[in-house]
Amino acid sequence: MARILHIEDDPKSRLLVRKILVAAGHEVVDAGTGLEGIRLAGEVSPELVLVDINVPDLDGYEVTLRLRGIPRLAGVPIVAITAEGDRAMSLAVGCDGFLEKPIDARRFPKQIEKYLRGHRERAEDNTGEIHLRQQSHRMVERLEKKIVELSQANTRLEEMMRLRREFLRNLSHELATPMTPVVGYLKLLLGEELGPLTPVQRKALTSVDAATSRLRSLIDTLLDVSSLETGRLHFYARDYDFAQVAARAIDESKPRFDDRRLTLRDGRSKEALLGTGDPDKLRRAMAHLLDNAVKFTPPGGEVAIAVQRVAGATPEDASYEFVVADNGPGVPPDRIAKILEPFYQVDGSVTRQHGGVGLGLAFARRVAEAMGGDVAVHSPPSPALAARGLTGTEVVLRVKVRPRIPASTHPIE
């Protein structure tokens, strides 16, 4: 029994060859395109390759040339099996045989056996060099065409990216402008500067105020991501206490925890964690991590928070960490890296259960990187957290400990 790789785009032809060769006691591996055939040839180590000349992406000639460049396939016979190919060209590029379609089902197993036993066809004249040169010209023409297509596609992609950035920037500003009077009048109303409020009116305005705060936070994030993509997001160096920044972010998120009846396990450090950076953006980054945990933890679930200093190999490598872990559904392993990219959501459908636009973690990562750190996502969490029932997702925001300096507003970058 021999393992035979058959590269053919026509399902009916693949099925016919498979039936004949399997009946003869061989193992058949199918590939529907030239690129797939090259990949499988390296994986399955066939003892013979049948290749159709007219296959998608790379044609049979190009596939043969590529296979002949793989050292461990050097002695493997390659047989062209086609209705449209050229025998001389096939032999010139490295094929050891040429079979015309339609194949003769009775003779086919014996023909294959002949090649497996070492039979090789050779060109009858000296036209091989001419055929190779012709094939090289065709390959160069195809490559040139592909380069032009890729260049045009890249130009279109760059233009689309530019338009997206402009749209995002304009949308953010257009949304921010009408928010100013909304927020102003809400404060006047809640402060009863425009007249006393009934309990029902205050409750309604409080709900509107909470929704407005969420909308303002989203607009701020849109503005920041827009600035991030255009390279205009500035970070400022100010003295701050990492623990106090975390406490503020947690306090702001408490109402959402209460709304979903989530238990908050508070593992914050009691000591001051002093450093230098941009506390405002850091607080918002932490708020995004908390918001993520709230969204994906089922009602009545638990979220654990840790705020701590982590020693490094040297004092200069020390860092502060803000850790949020939950017992939600977790993140599939193949999507962990993607969720840190702008606009990516594990479930981006219109019927998704959770809100948001996929900007929070991307913003948090950029803030952490600007302050010498990073954001890491683990799903499931570390064994210590998993043992405590937090089996969903653990997100760690880490910033480098920078010595404190006199307060300033000079950008970090």
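How does Arg 265 count by relative accessibility: buried, partly exposed or exposed? Arg 265 counts as partly exposed, at 24% relative accessibility; here buried means under 20% relative accessible area, exposed means over 50%, and partly exposed lies in between, with a 1.4 Å probe and protein chains only.

1. Basis of the note. This is a predicted model, in which local features need pLDDT of at least 70 and side-chain atom pairs count only at pLDDT 80 or more, while totals for chains, interfaces and linings use all residues. Residues are numbered from 1 along each chain as its sequence is written, and side-chain values use heavy atoms, with hydrogens and water left out.

2. Overall make-up. The chain has 413 residues, of which 40% count as buried. Eleven helices and twelve strands are present; these are DSSP runs numbered from the N terminus, helices being H or I of at least four residues and strands E of at least two. Of the contacts (heavy atoms within 4.5 Å) between residues at least 6 apart in sequence, 71% join residues at least 24 apart.

3. The structure holds 19 salt bridges, each defined as a side-chain nitrogen of Lys or Arg within 4 Å of a carboxyl oxygen of Asp or Glu. In one of them, Glu 302 pairs with Arg 265, and the closest N and O atoms are 2.3 Å apart. Glu 302 lies in strand E9 (residues 302–310) and Arg 265 in strand E7 (residues 263–268), so the pair ties together parts that are 37 residues apart in sequence. Glu 302 is partly exposed, with a relative accessible area of 23%.

4. The surroundings of Ala 325. Glu 302 is also among the residues touched by Ala 325, as are Val 303, Ala 304 and Leu 390, when residues up to four places away in sequence are not counted. Ala 325 belongs to strand E10 (residues 319–326) and is buried, with a relative accessible area of 1%. Between Ala 325 and Leu 390 the C-alpha to C-alpha distance is 6.5 Å, although 65 residues separate them in sequence.

5. A network of salt bridges. Glu 8, Asp 52 and Lys 101 are linked in such a network. Within it, the side chains of Asp 52 and Lys 101 meet at 3.7 Å, N to O. Asp 52 lies in the loop between strand E3 (48–51) and helix H3 (60–67), and Lys 101 in the loop between E5 and H5, so the pair ties together parts that are 49 residues apart in sequence. Asp 52 is buried, at 5% relative accessible area, whereas Lys 101 counts as partly exposed at 25%.

6. Backbone points to check. The peptide bond from Lys 101 to Pro 102 is cis, with omega near -5°, and Pro 102 is found in the loop between E5 and H5. A cis bond also runs from Ser 379 to Pro 380, with omega near 5°. Asp 57, in the loop between E3 and H3, has a positive phi of about 55° although it is not a glycine. Arg 261 likewise has a positive phi of about 55°; Arg 261 is exposed, with a relative accessible area of 58%. Most residues other than glycine have a negative phi, and most peptide bonds are trans.

7. The second largest pocket. Its volume is about 190 Å³. A pocket is an open set of points on a 1 Å grid over the protein atoms alone, where a 1.4 Å probe fits, with protein on both sides within 12 Å along at least five of seven lines; lining residues have an atom within 4 Å of a point. Points are joined across faces, edges and corners, and the volume is the space filled by probe spheres set on them. There are 13 lining residues, and those closest to the centre are Phe 98, Leu 99, Glu 100, Arg 107 and Gln 111. Strand E5 (97–100) and helix H5 (108–116) each supply at least two lining residues, with H5 giving the most, four.
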